[in-house]
Amino acid sequence: MTTTEYDVIVIGAGPVGENVADRVVQGGLTAAIVERELVGGECSYWACMPTKALLRSASALRAARHLPGAREAVTGDLDAEAVLGRRDSFASHWKDDGQVSWLESAGIALHRGQGRIVSTRVVEVTDVDGATARLTARHAVVVATGSSALLPDIPGLREAAPWSSREAASARSVPGRLVVIGGGVVAAEMATAFAALGSAVTVLARDGVLPSVEPFAGELVTESLREAGVTVRLGAEAVAVNRDDSGTVHIETADGERFDADEVLVAVGRTPNTQDLGLETVGLAPGAWLPVDDTLRVVGGGDWLYAAGDVNRRVLLTHQGKYQARAAGDVIVARAKGATVEDGRWGRHVATADERAVPQVVFTDPEIASVGLTAAAAAAAGLRTRVVDYDLGAVAGASLHADGYKGHARMVVDEDRKVVVGFTVAGPDVAELLHAATIAVVGEVPLDRLWHAVPAYPTVSEVWLRLLETYGR
């Protein structure tokens with residue numbers, strides 16, 4: 001067995017692992033990445049990029065149909081084959097040549113295979129042919145293996161060969177009938193996408209549609225899904241699933257309803273990819289999430305083991321995982337070189353934004369863009385708040401953007417500090433409004449100063465002025 005030594009070994013070559021390794025190399029250390037699947041990870045091939053490609057064409061078509069002049073130029077419906085073809089291009093046709101080339105250009109070594117920790121700072125890699133290689137880290141091992149779709153224990157579900165987010169994102173054709181079990185982000189986005197592509201979609205949302213966002217936003221999406229022909233059953237719980245010999249899937253709910261479908265998509269949560277990493281050799285539980293401190297070092301894993309991205313369960317979002325990766329890579333370099341570690345709140349080597357400044361866009365119709373705390377979360381955190389709401393459709397820029405524009409904005413203010421701690425906006429094409437809110441929350445910009453951030457007229461961003469006016473000077 002060959003043994004190779006690096007300063008840092010990263011297990012997992014998704015966006016998070018790539019960013020850790022890149023920061024390490026930029027800091028003057030050597031790094032190797034271990035990957036058992038495609039370099040580029042979930043986001044590149046089965047999540048962020050392909051799913052947003054599925055959604056974008058329908059979004060553009062809806063926008064055209066809400067504008068006189070453009071509406072008259074639209075003479076047909078979506079071309080599903082063309083949409084799937086564009087999706088394929090954004091998934092690089094499920095080939096990772098480009099990502100591998102980037103690793104080489106960045107000076108990052110790649111070892112393909114299953115990586116397992118066998119002792120302190122030692123990782124063993126087994127390739128598809130069963131050959132093994134041993135890698136030793138001088139300073140750190142970083143687990144960045146992400147998460148997979150959770151399959152609930154519903155009788156008959158596994159045998160029915162359900163879709164997870166992966167199968168939905170890479171579907172080769174559009175099913176005539178699709179039942180979605182779940183009501184979170186994946187469920188809502190894929191219901192939006194496949195309804196637009198021509199599927200008859202049913203959503204069984206036991207806990208509601210998008211239950212973690214502000215209620216008004218979930219309600220707007222639910223209304224829009226129903227207007228698009230989607231059957232939405234709030235509170236419905238699937239209790240039995242069966243695929244018959246003809247291929248039809250039958251789903252039964254706790255209240256006695258039965259739904260038939262060509263495919264069933266399960267989108268009820270995620271589980272960490274930690275089952276086969278050798279965690280037991282260092283006293284950690286296989287299959288468990290990896291808790292970390294603010295510098296992303298695994299609690300109970302020694303001073304050399306880190307975890308970034310979904311696998312630590314702080315925030316299951318690609319951009320937040322990449323943010324963690326930058327902090328982890330930089331702190332590993334600092335510790336390796338004996339430099340000062342800036343681990344105070346908002347320091348260079350911590351992921352402070354994971355706590356109360358997480359931005360997210362849900363690419364449904366309407367889009368939902370949010371950052372920070374919801375009104376309910378702020379109250380639960382013990383903050384003394386004021387909640388300010390405004391009808392987004394009443395903003396001049398929104399009325400120009402589309403006829404009949406419907407949307408809503410909310411600002412949550414910490415009354416003791418007079419700063420924004422939460423912002424949510426729902427409406428057509430609101431995603432690009434989000435970063436202004438993220439800066440306000442992260443920068444803890446006082447409301448008195450925000451009055452001097454003048455939004456251009458006539459843009460949808462004028463909602464900031466309207467929210468401040470509603471709050472009062």
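**Helix packing and strand pairing in the predicted model**

Helices H3 and H8 cross in a left-handed way, left-handed being the label when the near helix is turned anticlockwise from the far one by less than a right angle, with right-handed used if clockwise. This is a predicted model, where local features need pLDDT of at least 70, side-chain atom pairs count only at pLDDT 80 or more, and totals for chains, interfaces and linings use all residues. Residues are numbered from 1 along each chain as its sequence is written, and side-chain values use heavy atoms, with hydrogens and water left out. Helices (H or I, at least four residues) and strands (E, at least two) are DSSP runs, numbered from the N terminus.

H3 spans residues 48–65, and its axis sits 9 Å from that of H8, at an angle of about 55 degrees. The pair is therefore oblique, given that angles under 35 degrees count as roughly parallel, over 145 as roughly antiparallel, 65 to 115 as roughly perpendicular and the rest as oblique. Axes here are lines fitted to C-alpha atoms, for helices over the stretch in contact, and angles run from 0 to 180 degrees between N-to-C directions. On the H3 side the contact (heavy atoms within 4.5 Å) takes in Thr51, Lys52, Leu54, Leu55, Ala58 and Arg62, which meet Glu189, Met190, Thr192, Ala193, Ala196 and Leu197 of H8. By type, these residues of the H3 and H8 contact split into seven nonpolar, two polar and three charged. Ala, Val, Leu, Ile, Met, Phe, Trp, Tyr, Cys and Pro count as nonpolar, Asp, Glu, Lys and Arg as charged, and the others, Gly among them, as polar.

H8 (residues 185–197) also lies across strands E8, E9 (200–205) and E14, running at about 165 degrees to E9. These strands belong to an open sheet of four, ordered E10-E9-E8-E14 with parallel pairing; two strands pair if DSSP finds at least two bridges between them. E10 (231–234) and E14 (263–266) are the edges, each with a single partner strand, so one side of each has no neighbour in the sheet. From one strand to the next, the twist averages 15 degrees. E8 (residues 177–181) runs parallel to E14, joined by four bridges, and Val179 has Val264 of E14 as its bridge partner.

H1 brings Glu18, Asp22 and Val25 to the contact, while H6 brings Gln99, Trp102, Leu103 and Ala106. That contact divides into four nonpolar, one polar and two charged residues.

Turning to antiparallel pairing, strands E11, E12 and E13 make an open sheet in that order. E11 (238–243) and E13 (258–261) are its edge strands, each pairing on one side only, and the twist averages 20 degrees from one strand to the next. Five bridges hold E11 to E12 (residues 249–253), with Ala240 opposite Glu252.

E18 (residues 367–372) runs antiparallel to E21 over six bridges, and Ile368 stands opposite Ala426. E20 (residues 408–414) is also antiparallel to E21, over seven bridges, with Val413 opposite Val420. Four residues separate E20 and E21 in their hairpin, where Lys418 takes a positive phi near 60 degrees.
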